[in-house]
Amino acid sequence: MSEFKVKLEWKPDSEDFSYNNYNRTHQWIFGGGSEITASAAPEYLGKAEFVNPEEAFAASLSSCHLLTFLAIASFKKYIIKSYKDETVAVVEKNKDNKQAVTRVFLRPKVEFSGEHIPDEEEMKKMHHKAHVECFISNSVLTEVIVEPVL
């Protein structure tokens, strides 16, 4: 078992606590000391210049897929030159008519180097295994769709 701790800190920046005016900016403080300023998405009266929970959710799924994929490739003795992903999280009403991140699209593009390079079928298998083994995707109800750019 492992535990991962994050501190969250928020405080008002004015005495006006009406819905349209209260401050949505807050800090995430991670176990290793990194701090990130976060806010609500602009659609929910937050500030676009800061990460929002929906983006962080998409990033955690993308990051977990990357790290799992790297482990799989390493065990198979492939050498990865670069890995890029353009992840998209879709927020809409779910089957219970509640707002939710219902789908996350992962669109990884992987470049290999060396003579040992997987073919398209092997890449699909590796991405499938990365999805199945990813801790985060195993923890959510959201549909995660992996669309590798081959």
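Rings of Phe, Tyr and Trp (its six-membered ring) count as a pair if their centres lie within 6.5 Å; planes under 30 degrees apart are stacked, over 60 edge-to-face, and the rest tilted.

**View 1. Aromatic pairs.** By this rule the count comes to 6 aromatic pairs. One of them joins Phe69 and Tyr83, a tilted pair at 5.8 Å centre to centre with 55° between the planes. It links distant parts of the chain, 14 residues apart: Phe69 sits in helix α1, Tyr83 in strand β4 (residues 79-85). Helices (H or I, at least four residues) and strands (E, at least two) are DSSP runs, numbered from the N terminus.

The model is predicted: local features need pLDDT of at least 70, side-chain atom pairs count only at pLDDT 80 or more, and totals for chains, interfaces and linings use all residues. Residues are numbered from 1 along each chain as its sequence is written, and side-chain values use heavy atoms, with hydrogens and water left out.

**View 2. Helix α1 against helix α2.** Helix α1 (residues 53-75) packs on helix α2 (residues 120-133) at an angle of about 125°, their axes 8 Å apart. Axes are lines fitted to C-alpha atoms, for helices over the stretch in contact, and angles run from 0 to 180 degrees between N-to-C directions. That angle makes α1 oblique to α2, since under 35 degrees counts as roughly parallel, over 145 as roughly antiparallel, 65 to 115 as roughly perpendicular and the rest as oblique. Contact here means heavy atoms within 4.5 Å. From α1, the contact is made by His65, Thr68, Phe69, Ile72 and Ala73; from α2, by Met123, Met126, His127, Lys129, Ala130, His131 and Glu133. These residues divide into 6 nonpolar, 4 polar and 2 charged. Ala, Val, Leu, Ile, Met, Phe, Trp, Tyr, Cys and Pro count as nonpolar, Asp, Glu, Lys and Arg as charged, and the others, Gly among them, as polar.

**View 3. The open sheet β1-β2-β3.** Here 3 strands form an open sheet in that order, with antiparallel pairing. Two strands pair if DSSP finds at least two bridges between them. β1 (6-9) and β3 (35-38) are the edge strands, each pairing on one side only. The twist averages 20° from one strand to the next. Strand β2 (residues 26-30) pairs with β3 over 4 bridges. His26 has Ala38 of β3 as its bridge partner.

**View 4. The hairpin of β5 and β6.** Strands β5 (residues 88-93) and β6 (residues 99-106) pair in the antiparallel sense over 6 bridges. Val90 is bridged to Arg103 in β6. The hairpin has 5 residues between the strands, and Asn97 takes a positive phi near 65°.
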